[in-house]
Amino acid sequence: MTTESIPILSIIVLSPLIGAFLLIIQPEKWHMQIKLTALLFSIVSLLGSIFIYIFYDQTAGGFQFIEQIPIVKNLGVSYYLAADGISITLVLLTAIILITGLFASWKMPFRSKEFYILLLLLTTGVFGVFVSFDLFLFFLFYELSVLPMYLLIGIWGTSAKVTPKGIFANAIKMTGLGSKEYGAMKLTLYLLLGSAFILVGFFGLYIFSGLHTFNYTALEEVTLNKGTQNWLLILFYIGFGTLAGVWPIHTWSPDGHAAAPTAVSMMHAGVLMKLGAYGIIRIGMGLLPDAAETLAPLIGTVAVINIVYGAFGAMWQRDLKYVVAYSSVSHMGIVLLGAATLNEMGLNGAIFQMFSHGIMTALLFALVGLIYEKAHSREILKMGGFAKSMPGIATFFLIGALTSLGLPGLSGFVAEILVFLGAWKSPLSWWLIPAVLGAFITAVYVLRVAKWIFFGPKKNSTPLKDAIGYEWIAPTVLSAILIVLGVYPKLLLDPISTSIVEFLGKFVK
Amino acid sequence: MFATSETLLILVILPPFISFALNGLIPDLRKNKKTSSGISILAIVISALSSIALVVINPDTDIVFEWIPLTSFSPIIFGFFIDPIVLIMFLIVSLVSLAVQVYSLDYLREESPLSFGRYYTFQSLFAFSMLGFVASLSLLQIYIFWELVGLCSYLLIGFWYTRPEASRAAVKAFWVTRFGDVGFAIGMVLLWGATGTFFLPELFIKAPEISNPFLTLSLFLIVLGAMGKSAQFPLHVWLPDAMEGPTPVSALIHAATMVVAGIYLILRLFPLFELTLDPLVFVMWIGTITALLGACLAIVQNDIKRILAYSTVSQLGYMMAALGAGGAGVAYFHLFTHAFFKSLLFLAAGSLIHSLHTSDIWSMGKLAKKTPQVTALFLIGSLALSGVFPFSGHFSKDEILMWMHVRGFTLHFIILLITAFITSFYMFRAFFVVFFGKGESTSGQEVQEVKTPWVMTLPMWILAVITIFAGFQAGNFFNFLGLRLEEVHTHLEYLPLIVSILGIALAWTFYQGRYLSSKNVAISLSPINTALEKKFWMDDVYLWAYRYVLDGLSIVCGWFDRYLVDGLVNFTAYYTKRASQKLRTIQTGHAQDYLYGIIIAILLLFFLSILSPYLSPFLNEKENSVEFSEQIIQKGLQDDDD
């Protein structure tokens with residue numbers, strides 16, 4: 001049996017879905033079996049992802065593992081799955097975070113069955129988006145990955161104590177800021193509004209291309225006139241940008257991530273935000289190259305605002321989960337800045353940053369979850385001296401923090417330096433300066449938080465314990481990936497740059 | 001032959017990394033004092049022996065590999081290489097590391113096995129990063145190791161992390177050096193942008209083509225990085241605080257090796273600096289100011305480690321000044337001698353602190369009788385630092401001063417000469433107070449015994465021997481570098497030595513002979529004294545910037561985000577909700593109301609149909625769009641037929 005004959009992408013995408021259906025028919029009280037089922041089907045996806053990573057032919061490049069079955073011929077809708085270097089990277093990321101997320105949320109106190117069902121459904125959606133090259137299918141998967149979030153946060157989330165101050169304090173209090181219901185609703189409404197833009201954009205492509213197909217490769221061949229391209233790209237930028245946390249439509253992200261349960265925060269900040277950036281790069285820039293060149297200055301400048309503003313926003317927070325959430329906003333700025341440079345270094349850096357930030361933020365969220373479990377608090381200023389009682393968690397947190405500030409030897413640095421180089425070679429080279437300063441501000445807030453929580457004398461007298469047993473799995477695996485990629489980035493850069501070079505072929509004038 | 005120079009090069013750099021990996025990954029090794037320290041020391045012994053072997057062979061060799069693949073630009077290449085400059089640094093790093101690691105066996109005896117293991121893990125990481133930094137063949141690679149040594153410094157300053165001062169000092173050190181690194185990073189990217197390469201040999205070939213203001217700008221930015229790492233004014237503030245770390249760490253990282261990374265960087269990039277002179281002039285001024293400032297601040301310190309820290313700042317200033325004056329060779333020689341005598345001083349001070357559990361010089365005193373050995377060692381170090389013949393510091397400092405004099409930088413020469421005077425004054429102030437003083441602050445308590453086991457004294461004696469003899473090797477040193485030692489004979493030749501001895505004499509008058517009272521002088525010069533004690537308010541300026549600029553901006557951004565951006569969102573949500581509440585009252589549930597609605601709608605449609613001929617110009621568009629959609633449907637049907 002050759003590698004071509006296995007529908008490997010379908011296996012990856014549908015395995016969580018099958019897992020979810022199997023969970024439905026299992027009784028609620030079989031806790032262990034439910035967990036193991038979820039884990040088993042996630043492992044199938046992970047193995048599939050590793051398989052495509054290994055068997056992707058880099059010398060040939062292009063889309064591989066193609067599966068194409070027409071669904072509605074008249075409307076040009078087909079079940080079209082494929083993968084290139086970019087997709088492979090992100091599929092791998094999703095699989096890793098799914099598995100580590102399961103371990104991070106291994107102790108689900110109530111309704112665990114429904115939780116895993118929804119989580120698996122969501123993952124199917126994410127996998128689907130990364131490998132589907134039919135816009136109709138893409139949108140279907142996209143919605144599938146967004147909607148379960150409402151329930152996941154609304155039911156299993158945690159509410160934080162946020163005490164607004166200042167002249168708008170009362171008005172803010174009325175909104176219910178900090179509660180999980182508020183976070184869930186805000187996130188869902190934002191993302192659905194974003195999807196509306198995307199849907200309009202897809203119809204625009206469908207009609208204005210004149211091909212009446214949703215097929216990505218077919219649409220790639222068409223060159224639309226510039227005005228149309230610009231409007232479509234703006235639609236995609238707003239639509240996908242919402243999910244990518246683009247300033248100023250990012251405020252769903254801190255509230256949503258802070259309210260979500262650990263596995264969901266990991267999944268959402270780690271993978272779903274990348275889905276937005278992926279959409280902008282793949283659909284927006286890939287199908288509308290002329291507009292991408294016209295609008296790159298706008299996208300890049302907003303990305304620079306994201307980097308600096310997100311970093312300062314994180315500095316202001318005193319709730320640990322909000323800090324991590326805002327740092328995601330800042331780091332997504334690096335992804336979009338890399339994309340806006342439209343050159344090899346920048347785009348390589350952007351995709352690498354998607355992976356690296358996904359792993360890093362998942363690590364941090366997993367650790368925040370662990371700290372919350374042990375100390376029952378997320379308020380930074382009430383913690384202190386935790387390193388003595390939880391040295392392991394402190395070490396892993398420091399690894400995450402150092403990746404976040406771009407320390408060499410960890411994967412964040414590779415991504416950042418590539419984006420810096422790309423920014424300098426882009427038409428607006430001044431982007432470099434705020435981007436580098438953003439890394440400095442990150443160093444300030446991230447190390448400050450680490451110091452407040454872990455170092456110094458112990459603040460409260462409640463006995464704390466380090467992580468035990470299975471709790472080590474997520475931090476260990478994720479940290480190891482950060483270090484390995486930081487030392488030897490070629491592991492990922494080889495497949496990524498194969499596809500980026502092809503991708504950039506569109507922009508050569 | 002088995003031991004080719006490439007193997008030796010790998011044997012210098014790799015063993016500490018392996019030790020780090022073993023200790024870091026295998027908790028069982030780390031949790032045992034013997035294995036953790038044993039592995040680490042074994043690794044550094046291999047490095048040291050290989051370094052010595054390489055110095056003897058003195059080969060030219062390199063190892064090159066690709067790190068980041070790129071197609072539209074040349075890929076980013078990394079590599080390690082050896083030249084005489086690298087070899088000398090190998091020698092310094094591996095020998096001082098070895099001395100410090102052996103010394104630490106006793107110094108950290110009381111630590112728990114876990115933190116003992118942590119210490120040696122970090123020590124190995126540091127040795128690897130520093131050796132890697134030295135031998136880097138690519139600017140980006142230099143930056144990588146540069147940041148890694150900074151990380152080790154952060155981790156080791158904060159080694160006793162439960163102490164709030166230690167964790168604060170660690171973070172401060174990281175932030176200040178990182179601030180300088182913003183400049184380094186931008187400068188590096190700028191150079192890459194102009195030449196398309198990070199690879200040093202290629203960079204040097206292409207550099208002359210860079211247009212000048214651009215090259216100057218990027219070098220200025222790189223100098224900013226060097227200033228942060230090498231604690232130059234105004235980024236020197238982190239180094240004195242870094243003394244919160246264990247003393248052996250201060251000896252290794254904050255005296256001998258890491259802090260000279262900035263000097264080494266400029267030295268390495270000297271071919272670029274020679275192309276444009278402005279950055280060098282800047283470096284010379286910064287170095288001179290730092291030398292004087294550090295020395296002045298050292299006078300008023302009461303903590304023995306802080307005195308040494310400020311003297312390090314000051315001596316780094318000497319090296320920078322010499323570099324700026326074009327004296328790369330003399331700067332490097334001073335770096336070489338300084339590494340040994342300053343780590344000797346730190347280790348000697350450490351053995352006192354270790355036994356007495358205090359670092360306040362006024363709490364010590366009368367130690368000369370109790371521990372003649374440490375007294376002798378500290379004296380050797382102090383004499384070398386003060387520049388007294390025949391100790392190594394004399395030769396190297398003399399070279400720098402003569403270089404400034406001969407090159408005609410008279411003002412700098414004078415300032416550095418005054419600094420030399422202050423240096424011997426503050427150094428012997430400490431010496432007299434610590435070893436011959438009355439122990440004024442101990443409130444009558446008898447000073448405890450100073451324990452000096454051989455694991456502590458042996459490393460110190462080795463450093464002391466090097467300190468005594470290294471000065472006479474100046475000729476060999478310069479030959480090894482391929483330079484010629486300038487024999488200068490001017491009427492000023494003996495001036496530095498005289499100045500140093502005068503400084504010692506003054507210190508003796510104040511603190512040993514007690515012919516003058518330091519307190520009276522301090523009162524009569526109170527404005528200067530206050531300024532010195534407040535460290536020229538530099539820490540306050542930084543604190544202000546941190547509190548009001550950084551935190552201020554974060555408050556602005558955070559507030560803007562929560563109350564304006566989010567406020568707008570919540571406002572919209574709130575009024576949507578309100579509007580829907582109002583609108584739903586239309587649905588009253590009364591049949592009559594709905595009937596009214598239906599009738600009104602019918603009437604409206606009726607009037608519209610009457611008016612439609614008159615409205616037709618406006619409706620044209622609509623008809624077109626109907627046609628359009630019909631076309632679409634027809635086309636779809638045709639496709640279906642196919």
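These questions and answers walk through a predicted model with chains A and B.

Visitor: Which elements give two or more residues to the side of chain B that touches chain A?
Guide: The contact involves 44 residues of chain B and 45 residues of chain A. On the chain B side, the residues divide into 27 nonpolar, eleven polar and six charged. The elements that give two or more of them are α6 (139-157), α7 (164-195), α26 (538-583) and α27 (591-641) of chain B.

Visitor: How many bridges join strand β1 of chain A to strand β2 of chain A?
Guide: β1(A) covers residues 64-72 and β2(A) covers residues 77-83. Gln64(A) stands opposite Ala83(A), and Gln68(A) stands opposite Tyr80(A).

Visitor: Which residue takes a positive phi in the hairpin of β1(A) and β2(A)?
Guide: The hairpin has four residues between its strands. Most residues other than glycine have a negative phi. The residue with a positive phi here is a glycine, and its value is near 70 degrees: Gly76(A).

Visitor: What span does helix α2 of chain A reach from its first C-alpha to its last?
Guide: α2(A) takes in residues 31-55, which is 25 residues. At 1.5 Å a residue, the expected value is 36 Å. The helix comes close to that, with a span of 36 Å.

Visitor: What covers the buried residues of α2(A)?
Guide: Buried residues of this helix include Ile34(A), Ala38(A), Phe41(A), Ser45(A) and Ile52(A). Lys35(A) is also buried. The cover includes strands as well as helices, namely α1 (8-24), β1, β2, α3 (85-104) and α4 (112-131) of chain A.

Visitor: Are helices α5 and α8 of chain A roughly parallel or roughly antiparallel to each other?
Guide: α5(A) spans residues 135-146 and α8(A) spans residues 180-208. Their axes lie 11 Å apart, at an angle of about 180 degrees. The cut-off for this class is over 145 degrees. The pair is therefore roughly antiparallel.

Visitor: Which residues of α8(A) make the contact with α5(A)?
Guide: By class, this contact has nine nonpolar, one polar and one charged residues. From α5(A) come Leu135(A), Phe139(A), Tyr142(A), Glu143(A) and Val146(A). From α8(A) come Leu191(A), Ser195(A), Ile198(A), Leu199(A), Phe202(A) and Leu205(A).

Visitor: Which residue with a positive phi follows α8(A)?
Guide: α8(A) has 29 residues and reaches 42 Å, close to the 42 Å expected. After the helix comes a residue with phi near 75 degrees, Gly210(A).

Visitor: Which residues of α20(A) meet α3(A)?
Guide: α3(A) and α20(A), residues 473-487, pack at about 150 degrees with axes 8 Å apart. That makes the two roughly antiparallel. α3(A) brings Ile96(A), Thr100(A), Phe103(A) and Ala104(A). The contact has eight nonpolar, one polar and no charged residues, and the α20(A) side is Ile473(A), Ala474(A), Val477(A), Leu478(A) and Ile481(A).

Visitor: Is Ile44(B) buried or exposed?
Guide: Ile44(B) lies in helix α3 (residues 33-57) of chain B. Beyond four places away in sequence, it touches Pro16(B), Ser94(B), Ser97(B), Leu98(B), Gln101(B) and Ala127(B). The cut-off is 20 or more other C-beta atoms within 10 Å. Ile44(B) has 29, so it is buried.

Visitor: How far apart in space are Ile44(B) and Ser124(B), C-alpha to C-alpha?
Guide: In sequence, the two residues are 80 residues apart. In space, the C-alpha to C-alpha distance is 7.8 Å.

Visitor: Where is Pro390(B), which has a cis peptide bond from Phe389(B)?
Guide: Most peptide bonds are trans. The bond from Phe389(B) to Pro390(B) is cis, with omega near 5 degrees. The bond from Phe233(B) to Pro234(B) is also cis, with omega near 0 degrees. Pro390(B) sits in the loop between α18 (372-386) and α19 (392-406) of chain B.

Definitions and conventions:
Residues are numbered from 1 along each chain as its sequence is written. Chains are lettered from A and ligands numbered from 1 in the order in which they are written. This is a predicted model: local features need pLDDT of at least 70, side-chain atom pairs count only at pLDDT 80 or more; totals for chains, interfaces and linings use all residues. Two residues are in contact if their C-beta atoms, placed from the backbone, lie within 7 Å. Ala, Val, Leu, Ile, Met, Phe, Trp, Tyr, Cys and Pro count as nonpolar, Asp, Glu, Lys and Arg as charged, and the others, Gly among them, as polar. Two strands pair if DSSP finds at least two bridges between them. The expected span of a helix is 1.5 Å times one less than its number of residues. A residue is buried if 20 or more other C-beta atoms lie within 10 Å of its own, exposed if 12 or fewer, and partly exposed in between; C-beta atoms are placed from the backbone. Axes are lines fitted to C-alpha atoms, for helices over the stretch in contact, and angles run from 0 to 180 degrees between N-to-C directions. Angles under 35 degrees count as roughly parallel, over 145 as roughly antiparallel, 65 to 115 as roughly perpendicular and the rest as oblique.
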